[in-house]
Amino acid sequence: MNIHTNIALKSFTTMRLGGMADVMVELKSLEDITSLYTQAAERQLPVYILGSGSNVIARDEGYRGIVALNRIMGFEIVQEDEMSVTIRVGAGENWDEFCAKTVEMGLSGIAAMSAIPGTCGASPVQNIGAYGQEAADVIVSVEAYDTTSGQFVELSAEDCKFSYRHSIFRGEAAGKYCITAVTFRLYRGMPQPPFYDALQNYLDSQNITLYTPQVIRDAVTAIRAKKLPDPAIQPNTGSFFKNSVVEKWLYDEVATKFPDVPHYDMPDGQIKIPTGWLIEQTGLKGQLLHGMRINPANALVLINESAGSYSDLAAAREEIITQVRDMFRITIEQEPLELV
Ligand code: EPU
């Protein structure tokens, strides 16, 4: 395991902000993990596990500990039957390459999550989702190192307590596990409509009526390329805010003033309102605040155009949150994690 010191976190996070990590290492095997946590305990240093940094914001003070890049690879078919193929993938594998591989195998289940930046190990953490699919629908189990017991463990999908952009890995068990592999069950059948509106509209506009996993992957990749800035060119972390899930009375209050408010009913009776729409109503869409551009194509995404520091981002974030709260009484929530 190579050990590097004084590493700029902006080079390892797609928002390209933040200070220095005291120590950085790469994890390539399970032995690397046990050795890392043993050494960190001896030196009383905290550890932060990072994938490709596409959903994590580093702060200006950096990290007084060890940032460990998860590079544990692997791709293995663990079970097959007429209906499905179950695949175990290393946490450090690139998510989109994994998607591409499963689509080439003719499998359905994650094609609509094509082109999401990041690693496979990060997919359960925030329960990634796009165009009507989410990781929770296809995850069978998550393997991890339990830093409290020092044991390698396997968590069932139920243990992960998945919900909209959430799981125990960013909630009650944040920092407890170092994810080593994820097992997905994917399906041999064709993707089944009804599809998410934006996806169906795109398919219709291209006169596509035969829905294969490859067709869905190509369509989603094309839609994303139009709406979401490429983090390699324009620093960003995808959606910067979660969509807003509110009580019915609050939705009714918004709908009285804005009868056209887009909304989706949630199974528990709450209502989801697109936060991009809320931000757009404040007039902030497309504006530059403290060097952060509110994406003109989707106000949910903030692009670091010229922010010099995390505090610029924090100032922009506060202005957006305040303006939305003043207009709608809804407090919008940040989606990416913070490297602390
Ligand atoms: N909308 C606006 N103005 C905006 C943006 C959105 O009015 O500036 C409204 C539109 O009515 C649109 C609706 O919001 O119909 C939904 O917009 P869109 O389909 O573009 O998706 P989103 O809610 O902005 C979510 C995910 C994305 C995912 C897309 C597609 C979250 C936080 N974001 O965005 O995920 O790709 O749906 O499924 O749930 C990510 O998590 O980083 C991410 C990019």
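Analyst: **The open sheet and the core**

Let's start with an open sheet of five strands, in the order β6-β7-β12-β10-β11 and with antiparallel pairing. Strands (E, at least two residues) and helices (H or I, at least four) are DSSP runs, numbered from the N terminus, and two strands pair if DSSP finds at least two bridges between them. This is a predicted model, where local features need pLDDT of at least 70 and side-chain atom pairs count only at pLDDT 80 or more, while totals for chains, interfaces and linings use all residues. Residues are numbered from 1 along each chain as its sequence is written, and side-chain values use heavy atoms, leaving out hydrogens and water.

At the edges sit β6 (75-80) and β11 (151-156), each pairing on one side only. From one strand to the next, the twist averages 20 degrees. Look at β10 and β11: six bridges join this antiparallel pair, and Tyr145 has Phe152 of β11 as its bridge partner.

Helix α1 (residues 30-43) lies across β10, β11 and β12, at about 150 degrees to β12. Axes are lines fitted to C-alpha atoms, for helices over the stretch in contact, and angles run from 0 to 180 degrees between N-to-C directions.

Next comes the largest nonpolar core, with 44 residues; Trp95, Phe169, Phe184, Leu199 and Ile216 touch the most other members. Such a core is a set of buried Ala, Val, Leu, Ile, Met, Phe, Trp, Tyr and Cys residues joined through side-chain atoms within 4.5 Å, and buried means under 20% relative accessible area (1.4 Å probe, protein chains only). Elements giving two or more residues to this core are β7 (84-90), α2, β10 (139-146), β12 (177-187), α3 (197-205) and α4. Strand β12 supplies the largest share, five residues. Zoom in on Ile216: beyond residues up to four places away in sequence, Ile216 touches Ala111, Ala112, Pro191, Phe195, Leu199, Leu203 and Tyr211, where contact means heavy atoms within 4.5 Å.

Two of those helices also pack together: α2 (residues 95-104) and α4 (residues 213-227) meet at about 150 degrees, with axes 9 Å apart. That makes α2 roughly antiparallel to α4, a label for angles over 145 degrees. Asp96, Cys99, Ala100 and Val103 of α2 meet Pro213, Gln214 and Arg217 of α4. By class, this contact has four nonpolar, one polar and two charged residues.

Definitions and conventions. Angles under 35 degrees count as roughly parallel, over 145 as roughly antiparallel, 65 to 115 as roughly perpendicular and the rest as oblique. Ala, Val, Leu, Ile, Met, Phe, Trp, Tyr, Cys and Pro count as nonpolar, Asp, Glu, Lys and Arg as charged, and the others, Gly among them, as polar. Buried means under 20% relative accessible area, exposed over 50%, partly exposed in between (1.4 Å probe, protein chains only).
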